[in-house]
Amino acid sequence: MPSSHVLRTLAAVVGVVVLTSSSAIAQAQNTGSSLVKGVSVEGITEYRLPNGLRVLLFPDKSKPQTTVNITYLVGSRQEGYGETGMAHLLEHMQFKGTPKHRHPSEEITQHGATFDATTSFDRTNFFETFTTADSSLAWALDLEADRMTNSFIAREDLDKEMPVVRNEFEKDENSPFVVTLKRVLGTAYLFHAYSHLPIGAQSDIENVPIERLQGFYHKHYQPDNAILMIAGTFDEQRALGLVQEKFGAIPRPTRVLDQTYTVEPTQDGERMATIRRTGNAQLIMSFYHIPAGTHPDFPAIDVLTRILGDPASGRLQKGLVETKKASAVQANNLQQHDPGGLFLAALLQKTQSIDSAEAALFNAATEIATTKPPTTEEVERAKTDVLKNFDLAPTNTGRFGLELSEWMAMGDWRLFFYHRDQVKKVTVQDVQRVASAYLKESNRTVGLFIPTEKPDRTEITAAPSVDSLLKGYKSDVVVATGESFDPSPTNIESRIHRSALKSGFRLALVPKKNRGEAVSAVVSLRIGNERALANRSMLPNLTAQMLMRGTKSLNRQQITDSLNKLKAKVTIAMASTGNVRATVETTRPNFAATLRLVGDMLRQPAFDQTEFEQAQREAITSVESQRGEPLMVGQITFAREIGRYEKGHPRYVPLPEEQIEGYKAATLADVRKFYTELYGASTGELAV
């Protein structure tokens, strides 16, 4: 698009906002067939247009930004034979322009906006975040309304974009975890579309007919299959007027959307998939079928998942990592529109026994379902962890649309709050019941088929309707609102309170009312100099990692429990050469206690031998598992080329083999000495 045309277009958009917004607002308020107000939950209000578009307004004056997020209820689940990856392809294609917006990416840059788009099993979403301005809001809504039905989806654009998507596919093929997950899903699901990841099959990506792609687009990317969310700082009435103006003219489609109806049959025996490829680490994964995300069992499944996978005190951590059978573990569940899965995974070094780790992985699932049921302490700790994330998610209005997209795809955005409330009610008996129901050998997919004479089959019951779940539902949570804030340098400077301790440690405090009383802080410690940091190899990284693994008064589990109770997220890591950084995210009532805990972690590290060995193994395995991946090779090669420092220099970029050697050579005594000699707060800062 010529620059002169861009300027004329932007001028026209601004003119429309100024001249016609008031009439559009009046139409939205006075026309019975226009926007209709619906339910409100915890600051979010829903409206509907006659064409079926659902609109969510989520005002948050504490953020000087506005986010426009549109979610389409279409993902890989709606793809048929030969169509895998089609929804993801269309995610890319919708950045190729419309007759009115020929270069969306350039427009996004011109408006200083950040953006992203994602495709999942059940939905696709697009969003833009920009500094609050009526003209930018009008532009973003106009862009999304136009590409909803007018995107080119042209053959020449597909020819250019297909190699980009194929490269994403090939990058995933270099990841042991992604490859294993693909094979496990393909084995666990015989008929359902959840058997493939949204990236799709390479042959489908390469050969999809443009007519079929266009048909998929015109069928699913319509107002009656979309939810628009506006979050952040904006004038609500003006926003409603703009929505009416931009989206109201789009007709409701006459076609009727097909409802997916494939039901995965009950699994009747353990299944196995074995993958043999080049690589530097071993991986074990076990997958168990579970109900849909709206099923009454799912809150207990969420808690069960955390009990198994908690990085500090989880059953997998204790049964595999602490016993040195594996280097890293995780547990996750797929909460989806249709019945999904709970999977457990363990990463191993080549020298570790895969048979021993596999037995331990299976044993952790079997014990919690039979001989070692969850304790009250485990259940309450897991619930606190789950609920912490629910409490913190709405405080980031810019990203909350992406979080709600998953719940929209399950049936209704209010399920986010409903599920949170149900988690609060989960009991030990609930967790034990779902563990016994789903963590069965006959319901497990690992990688090798094993005949079973008398299979113990698990029936997956249908989830109740969303209407029945939400009938009469009301939230009783009161959320603190934030203030309208001018982010100009002058205003920020007028609020900053600066001071310094006698040691030289500097403070910068910016008081501001945030939604949910959110507080953010960063502690930076400047350690050492070029000479002091020379020839230290991987010691700086290991030392920083050990600060999260226990203090002289609290072990690692107790630190995790304390942070969960304080609704706090804390990370401590090397931010750059000679700079240790602790980041803190919590709420105002918990900030003082959280800061005291962080201070204890920085000043009184325990440097436990067992924790050191675990950290050492995790670091080595992490490098080993990635050193053959093209992305890591490219990053290291590039960094070494632009920073040609001699080996031993603090800024020297070691090769993967040198990193592994450095980690193996380190001792706990080395870490203690490094900390004692170089750590201090005389040249540090705290910004809150």
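What lies between β12 and β13, and which residue in the turn has a positive phi? I looked this up first: the two strands form a hairpin with five residues between them, and G504 in the turn has a positive phi of about 105 degrees.

**Entry 1: ground rules**

I am working on a predicted model, where local features need pLDDT of at least 70, side-chain atom pairs count only at pLDDT 80 or more, and totals for chains, interfaces and linings use all residues. My numbering starts from 1 along each chain as its sequence is written, and side-chain values use heavy atoms, with hydrogens and water left out. I take helices (H or I, at least four residues) and strands (E, at least two) as DSSP runs, numbered from the N terminus. I call two strands paired if DSSP finds at least two bridges between them.

**Entry 2: around the hairpin**

I went back to β12 (residues 497-500) and β13 (residues 506-509), which run antiparallel and are joined by four bridges. R498 stands opposite A508 in β13. I then followed β13 to β17 (residues 684-687): three bridges join these two, and they run parallel. Here L507 has L686 of β17 as its bridge partner.

**Entry 3: the seven-strand sheet**

I traced an open sheet of seven strands in the order β1-β2-β3-β7-β4-β6-β5, and its pairing is mixed. At the edges I found β1 (36-41) and β5 (114-119), each pairing on one side only. From one strand to the next, the twist averages 15 degrees. β5 runs antiparallel to β6 (residues 124-131), with six bridges joining them. I noted that D116 has F127 in β6 as its bridge partner.

What lies across this part of the fold? I found helix α4 (residues 134-149) across β4 (65-72), β6 and β7 (226-232), running at about 160 degrees to β6. For such angles, axes are lines fitted to C-alpha atoms, for helices over the stretch in contact, and the angles run from 0 to 180 degrees between N-to-C directions. Contact means heavy atoms within 4.5 Å.

**Entry 4: a salt bridge to α4**

I counted 46 salt bridges in the structure (a side-chain nitrogen of Lys or Arg within 4 Å of a carboxyl oxygen of Asp or Glu). One of them joins K100 to D142, with the closest N and O atoms 2.9 Å apart. This pair links distant parts of the chain: K100 sits in the loop between α2 (86-93) and α3 (104-110), D142 in helix α4, and they are 42 residues apart.

**Entry 5: the four-strand sheet**

I next followed an open sheet with the order β9-β10-β8-β11 and antiparallel pairing. β9 (328-334) and β11 (444-445) stand at its edges with a single partner strand each, so one side of each is left without a neighbour in the sheet. Seven bridges pair β9 with β10 (residues 341-348) in the antiparallel sense, and N333 has L342 in β10 as its bridge partner. Helix α6 (residues 176-188) lies across β8, β9, β10 and β11, at about 35 degrees to β8.

Leaving aside neighbours within four places in sequence, Q282 is in contact with residues including A346, L347, L348 and I354. I also checked L181: its C-alpha atom is 13 Å from that of Q282, though the two are 101 residues apart along the chain.

**Entry 6: the largest cavity**

How many cavities of 30 Å³ or more does the structure hold? I got three. On a 1 Å grid over the protein atoms alone, a cavity is a set of points where a 1.4 Å probe fits but cannot get out, and lining residues have an atom within 4 Å of a point. About 70 Å³ of space lies in the largest cavity; a volume is the space filled by probe spheres set on the points. Among its lining residues I noted R306, D310, E378, R381 and D385. α13 gives the most to this lining, with four residues.

Methods
1 Å grid on protein atoms, 1.4 Å probe; cavity = no way out; pocket = protein on both sides within 12 Å on 5 of 7 lines; lining within 4 Å.
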